[in-house]
Amino acid sequence: MRSNGTMRTRRRRRPLAALTGLVVTAGLVLTGTVTAPGAQAATARATAATAASAPAASAPHATASLTAADPVGPRQGDFLSAFLYSVAKPTALPIGANDWSCKPGRAHPRPVVLVHGTFENRYANWAALSPTLKDAGYCVFALNYGGAQGPVLATGDIAKSAGQLAAFVDRVRAATGADKVDLVGYSQGGMMPRYYIKNLGGAAKTGRLVAFVPPNHGTSLLGLGLLARLIPGVDVVVGAACPACEQQVVGSRFLKELNAGGETDPAVDYTVITTWYDEVVTPYSSAFLAPARNVTNETVQSHCLISPITHLNITYNRTATRLALNALDPAHAQRPTC
């Protein structure tokens with residue numbers, strides 16, 4: 001049984017964590033809304049520049065994340081530190097990512113592709129996990145997608161973002177010689193690859209999808225997303241400024257079509273890792289995929305009851321990281337610790 005002290009600690013931390021998450025999320029939303037107008041033109045300029053400078057192996061929909069001159073940022077211990085670093089260096093790579101000469105070894109034959117979340121970027125989400133995976137012997141790759149240049153990305157139409165992921169995966173496979181990759185995604189980046197798997201041929205090219213806090217069944221954002229739909233015109237404004245935002249609200253046409261006819265493909269293994277205190281994907285259980293032999297749904301608190309980890313920092317959490325490592329290499333799984 002939980003002690004009274006543990007219960008009191010949880011009561012204190014949960015409102016604070018939720019409030020902090022909502023404040024940061026609201027700030028990111030406002031940033032995204034400000035930068036979204038003109039995104040198509042900016043994306044076109046970035047794509048054209050990339051096409052001129054990228055190797056011939058680059059596939060259609062290549063983004064600025066494919067250039068060789070991107071700076072490598074330091075390992076970070078939390079999301080906010082990583083995001084602030086990316087504001088100054090929006091094309092930064094996390095340590096270990098995008099070594100195009102890397103060849104997978106026998107222990108880890110599939111490269112790992114990291115897929116970031118909405119209003120974020122590859123460095124902000126993966127500044128801790130990327131070097132951890134590299135140290136464990138994986139070939140690691142990370143893309144920026146779904147938006148204009150800058151640190152605030154993944155705001156564009158999710159189907160188009162999945163096309164960018166498809167092109168990136170093909171480039172990784174060509175460079176490494178691997179038949180398949182493993183995908184590790186955060187938030188939208190944990191759900192968007194399901195579109196790639198279902199509609200863009202990704203099932204034949206993907207071994208595993210490990211998803212941190214994905215909005216697989218949408219989010220009410222503590223009711224704010226649903227409330228916006230009750231105010232005439234708000235959903236139209238949100239959809240224009242950030243198509244991916246509207247597509248992730250519970251009940252959206254995009255999610256209905258994505259989940260229709262079955263949520264998973266039998267050729268792929270799926271792992272969902274979430275937290276009781278998710279302040280963005282609400283309720284947290286909407287992250288879970290329908291039960292199947294190839295689906296594992298996890299919560300951090302099932303392994304570390306006292307963990308107050310929230311949506312924004314879950315990729316920097318030790319317990320969640322161990323769950324992801326176990327999902328990628330179940331033959332060498334280790335017991336998660338707090």
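Val213 counts as buried, at 0% relative accessibility, where buried means under 20% relative accessible area, exposed over 50%, and partly exposed in between, using a 1.4 Å probe and protein chains only. This is a predicted model, in which local features need pLDDT of at least 70 and side-chain atom pairs count only at pLDDT 80 or more, while totals for chains, interfaces and linings use all residues. Residues are numbered from 1 along each chain as its sequence is written, and side-chain values use heavy atoms, with hydrogens and water left out.

Val213 is found in the loop between strand S4 (206-212) and helix H8 (224-230); helices (H or I, at least four residues) and strands (E, at least two) are DSSP runs, numbered from the N terminus. The phi angle of Val213 is positive, near 40°, although the residue is other than glycine. Ala154, which is not a glycine, has a positive phi of about 60°; Ala154 is placed in the loop between strand S2 (140-143) and helix H6 (158-176), and is buried with a relative accessible area of 0%. A further backbone feature is the cis peptide bond from Thr282 to Pro283, with omega near -5°, and Pro283 lies in the loop between strand S5 (269-274) and S6.

Strand S6 (residues 295-299) includes Thr299, which is buried, with a relative accessible area of 7%. The side chain of Thr299 makes a polar contact with that of Ser302 at 2.6 Å, a polar contact being a pair of N or O atoms within 3.5 Å, of which, within protein, one must be able to donate a hydrogen and the other to accept it, with residues adjacent in sequence counting only if both atoms are side-chain atoms.

The structure holds eight aromatic pairs, in which rings of Phe, Tyr and Trp (its six-membered ring) have centres within 6.5 Å, with planes under 30 degrees apart counted as stacked, over 60 as edge-to-face and the rest as tilted. Two of these pairs are set out below.

| Pair | Arrangement | Centre to centre | Between the planes |
|---|---|---|---|
| Phe79 and Phe83 | stacked | 5.7 Å | 25° |
| Tyr85 and Tyr123 | tilted | 4.9 Å | 35° |

Phe79 and Phe83 are separated by about one helical turn, because they are four residues apart in helix H3 (residues 79-88). The other pair links distant parts of the chain, with Tyr85 in helix H3 and Tyr123 in helix H4 (residues 122-126), 38 residues apart. Tyr85 is partly exposed, at 22% relative accessibility, whereas Tyr123 is buried, at 0%.
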